[in-house]
Amino acid sequence: MASFVLNSSFAFNRLPVTPTNFDFHCHSIVSDGLLPPEVVARRAAENGVDLWALTDHDDIGGLVTARATAEEVGMSFVNGVEISIEWRGTPIHIVGLGFDAANAALTGGLDELRIGRVERAKRMGDALAAIGIPGVYEGALCFVTNPSLISRAHFGRYMVSIGIARDMAGIFQHYLTPGKPGYVDHRWATLEEAVGWITGAGGVAVVAHPGRYKMSGGDMRRFLDDFKDVGGQGIEVTCGSHSPDHVMHFARLARHYEFHASRGSDFHGPEESYVDLGKLPQLPEDLKPVWRLVF
Ligand code: AMP
Ligand code: MN
Ligand code: MN
Ligand code: MN
């Protein structure tokens, strides 16, 4: 009898518990992060993350390793990705969570996006050569860790390494953002495509770091209307690039649109990220956390 009681209480303790530190946004060397997926997983667990998603840009090749390592260290895991889209001329990122990683429409769409990145990177190289900085595409390739995923971060790292600016912030500010000489327009996925791929694979679509987009309040509301119309359900409220004012602002919008709220560090690597895995404020308590939809 005593052993029965002991066993049943053990079983009770193993029931899923409410996550207290979920982090649903970060990167590995499968896109433009600096650490392999298994190292990111261990770091998340060491930082106290209890429910985690790896969300590499336009590539889900890290998920199997990430999940296996998460299981090893006793951390719950959901599939993730960060999809690059363009909405009315503005580049925006959509995080997908909890999808079936074998879904052909999703994997095919991501394949196309990565192919498009190569041609864009060559045009960025040409644009920088035209202002007297040659060889940047070739140099950036030395910083690429996944041959099929090149991002502006790789350009930035190479340009820092040859002394064009002291840090990534300086490189982006002067060369790699809209209106600057190394920035080229690019046709990413559409909002409909990205949300369709995610929801078609059984996942949940979330607006990534809304505070980072250079949009008027009216445009943000038009974007969120469109996002909701095509089946989007979540928005990042607490994230690595949000100030306390951003958190309050996007919490209000989450309530207004009845979106679920997400929380993500957007960790890329120890040298480059202000916010480490799991080290960000909790969501405002009245919001519906997005993990309820995927965990
Ligand atoms: P891409 O997807 O090729 O347009 O590159 C976007 C990536 O560049 C982001 O995910 C970040 O990793 C990086 N990035 C963008 N802006 C900055 C910045 N101001 N400082 C450092 N890295 C940045
Ligand atoms: Mn990135
Ligand atoms: Mn992003
Ligand atoms: Mn990101």
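Residues are numbered from 1 along each chain as its sequence is written. Because the model is predicted, local features need pLDDT of at least 70, whereas totals for linings use all residues.

**Exercise 1.** Describe the largest pocket and the residues of its lining.

*Solution.* Begin with the term: on a 1 Å grid over the protein atoms alone, a pocket is an open set of points where a 1.4 Å probe fits, with protein on both sides within 12 Å along at least five of seven lines, and lining residues have an atom within 4 Å of a point. The volume, which is the space filled by probe spheres set on the points, is about 1500 Å³ for the largest pocket. Next, 42 residues line the largest pocket, and Arg152, Phe172, Arg212, Asp266 and His268 lie nearest its centre. Finally, sort the lining by class (Ala, Val, Leu, Ile, Met, Phe, Trp, Tyr, Cys and Pro nonpolar; Asp, Glu, Lys and Arg charged; the others, Gly among them, polar), which gives 15 nonpolar, 15 polar and 12 charged residues.

**Exercise 2.** Work out how helix 6 and helix 7 are oriented to each other.

*Solution.* Helices are DSSP runs (H or I, at least four residues) numbered from the N terminus, and helix 6 (152-161) and helix 7 (168-176) each supply at least two residues of the lining of the largest pocket. Their axes, lines fitted to C-alpha atoms over the stretch in contact, with angles from 0 to 180 degrees between N-to-C directions, come within 9 Å and cross at roughly 110°. Helix 6 is therefore roughly perpendicular to helix 7, a class that covers 65 to 115 degrees.

**Exercise 3.** Identify the residues through which helix 9 meets helix 10.

*Solution.* With contact taken as heavy atoms within 4.5 Å, Met220, Arg221, Leu224, Asp225 and Lys228 in helix 9 meet Phe250, Leu253 and Tyr257 in helix 10. By class, this contact of helix 9 with helix 10 has five nonpolar, no polar and three charged residues.

Conventions: Chains lettered and ligands numbered in written order. Predicted model: local features only at pLDDT ≥ 70, side-chain atom pairs only at ≥ 80, totals over all residues. Heavy atoms only, no water. Parallel < 35°, antiparallel > 145°, perpendicular 65-115°, else oblique.
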